[in-house]
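Thanks for sending this one over. Here are my notes, in numbered points, for you to read beside the model.

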Amino acid sequence: MLTGIKGAIFDLDGVIVDTAQFHFLAWKQLAHKLGFDFTEVDNERLKGVSRTRSLEILLEIGNVTVSEEEKLALATEKNELYVAYIQELRHSDLLPGTKELVEALKHNGVKIALGSASKNALFILDRLGIREWFDVIIDGNSTSAAKPDPEVFLLGCQALGVEARNCVVFEDSAAGVEAAKLANMKVIGIGHIDHLVHADQVVKSLGELLSLRL
């Protein structure tokens, strides 16, 4: 699967570190304020998409209509809730196998990029102490279109100087998998196959890939 790969693009939330739980808690808290419940099933629709689109989905779920000014305020409030949750992130919070896989890829001359919808990506990388792992960082501040639009991954491979067909993406969301396929990249899904049916391969964690020949 990884034979011939020259570039690897990692999503952040749910792949490198499990901040998805904090996103869920923040959205759930916001939904409660707006007068409706927000479940883990609902949360699957938000994975991999931008904060703005996530808010729109949340409002659709609650059948709530607000002004554009109120949307901006709600998005800001959600981010403040989320940032409060992630203040305590440490290097030890890296998901199993992440460090070892990145080191193995680098040893084999593979260039490494981050491709995340998060506008807090740099903050999270710094909390984890791993910003220097990445040759290129493309985050929510660098893109104009949310996944499943392939923009974030196309920008990543362009910045790495690697053709899309020679890149592999590591993703935990259906929207991210779709974006990678639209970009003509191989994609390894991290999580459950039920949510990642279009991935080229699905594993439970990056650690499972360490036994493969890189």
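Predicted model: local features only at pLDDT ≥ 70, side-chain atom pairs only at ≥ 80, totals over all residues.

1. Leaving aside residues up to four places away in sequence, S54 touches W27, L46 and V49.

2. Now for the overall layout. The protein has eight helices and six strands, and their order along the sequence is β-α-α-α-α-α-β-α-β-α-β-α-β-β. Its radius of gyration is 17 Å, close to the 17 Å that the globule rule gives for 214 residues, so the protein is as compact as a globular protein of that length. Along the principal axes, the C-alpha atoms fill a box of roughly 50 × 35 × 30 Å.

3. A few whole-chain values go with that. Buried residues make up 49% of the 214 residues. Of the contacts with a separation of 6 or more, 62% are between residues 24 or more positions apart. The accessible surface comes to about 10,300 Å², and carbon and sulfur atoms account for 50% of that surface. As for charge, there are 22 positive and 31 negative side chains, and the centres of the two sets lie 5 Å apart.

4. I9 sits in strand β1 (residues 7–10) and counts as buried, at 0% relative accessibility. Not counting residues up to four places away in sequence, its contacts include A113, L114, G115, F153, C157, V168 and M185. Take the pair I9 and F153: 144 residues separate them in sequence, yet their C-alpha atoms are 7.3 Å apart in space.

5. How many disulfides does the structure hold? The number is zero. C157 is in no disulfide, and its nearest cysteine sulfur, that of C167, is 5.0 Å away. Because a disulfide needs the two sulfur atoms within 2.5 Å, the 5.0 Å from the sulfur of C167 to that of C157 is too far for a bond. Both cysteines are out of the solvent by the burial count: C157 is buried at 5% relative accessibility, and C167 is buried at 0%.

6. Helix α8 (residues 174–182) has A175, G176, V177, A179 and A180 as its buried residues. An α-helix has 3.6 residues a turn, so residues three or four places apart point the same way. The buried residues of α8 pack against α7 (151–160), β4 (167–171) and β5 (186–190).

7. Finally, some backbone geometry to look over. Most residues other than glycine have a negative phi, and most peptide bonds are trans. N184 follows α8 and has a positive phi, near 65°; N184 lies in the loop between α8 and β5 and is exposed, with a relative accessible area of 53%. N63 also has a positive phi, of about 55°, although it is not a glycine. The place of N63 is the loop between α3 and α4 (68–86), and N63 is exposed at 69% relative accessible area. A cis peptide bond joins K147 and P148, with omega about 20°, and P148 is found in the loop between β3 (136–138) and α7.

Note on methods: Residues numbered from 1 in each chain as written. Heavy atoms only, no water. Buried < 20%, exposed > 50% of the residue type's maximum accessible area, 1.4 Å probe, protein only. Helix = DSSP H or I, 4+ residues; strand = E, 2+ residues; numbered from the N terminus. Rg over C-alpha atoms; globule rule 2.2 N^0.38 Å. Contact = heavy atoms within 4.5 Å. Areas by Shrake-Rupley, 256 points an atom, 1.4 Å probe, with all protein chains shown as cover. Lys, Arg positive; Asp, Glu negative; His and termini not counted. Charge placed at Lys NZ, Arg CZ, Asp CG, Glu CD.
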